[in-house]
Amino acid sequence: KLTLLILLGFSVSSWAIIFFKQKELKKMRGASQRFFDTFWRTHNLEDLLARYAGQESPLFNIFRLAVADLLRKTKASEARRLSETTIETIRRKIERAVEEEIERVERYVPFLATTGSSTPFIGLVGTVWGILAAFWQIGRAGSSSLAVVGPYIAEALIATAVGLFAAIPAVIFYNFFVTRIRVLVREMQNFGEDLGHRIERDYFQS
């Protein structure tokens, strides 16, 4: 019963993560695509920052962390902006922002991998325990009839089935999410490079 309870906890948690990540990744992809399109249509980065203030998307978060400090400094002192901020500093900020967004996108997904790899073995523990209980009952009753061992064998098989029920969806959706996350990561990395080039062109080239 303890084994089944543990497997049930893994299964419920996995399905909660699956529904949450499906919704979250869809929302992130759509918001990032809209921001990316607007980014290339907008000539003034300050206007773009003000327009998307308060909104959330991986690409905008990278953009905000990279340019907010730069825009404050250019407002404070246009003549000293090159001495206060270098393009290398901006690129490092972009890289850190990309890494933070990658961590945010990937959160909870490793739990699915843990579920897929561990629950079959947890179910196997329950199966072995059920078989041992069946042998113990045979020794106590002095009979190996199906009526004696049947309930224990059934419990053992149920543990195996529940372990597979928890593991199979977790593995399927883990691979599905990893593929989608890989696409998002590539888009964020490409956007980070494009953003660095545009900032260099708009603010650091005379």
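Good morning. Arg 91, Ile 94, Glu 95, Val 98, Gln 189, Gly 192, Glu 193 and Gly 196 line the second largest pocket. Helix 5 (87-106) and helix 7 each give two or more residues to that lining. By class, this lining holds two nonpolar, three polar and three charged residues, where Ala, Val, Leu, Ile, Met, Phe, Trp, Tyr, Cys and Pro count as nonpolar, Asp, Glu, Lys and Arg as charged, and the others, Gly among them, as polar. The space in the second largest pocket is about 160 Å³.

This is a predicted model, in which local features need pLDDT of at least 70 and side-chain atom pairs count only at pLDDT 80 or more, while totals for chains, interfaces and linings use all residues. Residues are numbered from 1 along each chain as its sequence is written, and side-chain values use heavy atoms, with hydrogens and water left out.

A pocket here is an open set of points on a 1 Å grid over the protein atoms alone, where a 1.4 Å probe fits, with protein on both sides within 12 Å along at least five of seven lines; lining residues have an atom within 4 Å of a point. A volume is the space filled by probe spheres set on the points, which are joined across faces, edges and corners.

The largest pocket has a volume of about 260 Å³. Its lining has 13 residues, and Lys 1, Gly 126, Trp 129, Gly 130 and Glu 155 are the closest to the pocket centre. Helix 6 gives the most to this lining, five residues. The lining divides into eight nonpolar, three polar and two charged residues.

Overall, the protein has seven helices and zero strands, taken as DSSP runs (helices H or I, at least four residues; strands E, at least two) numbered from the N terminus.
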